[in-house]
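Please look through the sequence and the structure shown here before reading on. The report that follows begins with the whole protein and then turns to one residue.

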Amino acid sequence: MKNLKNSVRLIGNLGSDPEIRNLSDGRPVARFSLSTSENYKNRKGEKVQETQWHNIVAWGNLAKIAEKVCKKGYRVAVDGKLTNRSYQDNQGNKRYITEVIADELMVVNGEKKTQ
């Protein structure tokens, strides 16, 4: 078993095509959003669907693979680690973001999910 101290496994749908860019040193990085949904009944007995959005980052060869095989709406599985970072926006405000740094990526279903 891989290191479970900081391990994330998600299966969900891509919210957009991966955005690929190359850093100044030539390393490719891919960023995309992944949605996961949970269905349950609330206290009133009504069906509720709750969707969470996850920011995924893939580096190097995994970024190149994501660019080639991942498209908006595809169902994918991602294994990785959870990271938090902060940055300063254009107005000078400090912002925080949580991301999953992908170690593995697999297309589960290449067809777009329809409801």
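This is a predicted model: local features need pLDDT of at least 70, side-chain atom pairs count only at pLDDT 80 or more; totals for chains, interfaces and linings use all residues.

## The protein and one of its serines

Residues are numbered from 1 along each chain as its sequence is written, and side-chain values use heavy atoms, with hydrogens and water left out.

Some values for the whole protein are listed here.

| Property | Value |
|---|---|
| Span of the C-alpha trace along its principal axes | about 55 × 40 × 35 Å |
| Share of the 115 residues that count as buried | 31% |
| Share of contacts between residues at least 6 apart in sequence that join residues at least 24 apart | 58% |

In these rows and below, buried means under 20% relative accessible area, with exposed over 50% and partly exposed in between (1.4 Å probe, protein chains only), and contact means heavy atoms within 4.5 Å.

Is Serine 35 buried or exposed? Serine 35, which is found in strand β3 (residues 28-41), is buried because its relative accessible area is 11%. Leaving aside residues up to four places away in sequence, Serine 35 touches Gly12, Asn13, Thr51, Gln52 and Trp53.

Key:
Helices (H or I, at least four residues) and strands (E, at least two) are DSSP runs, numbered from the N terminus.
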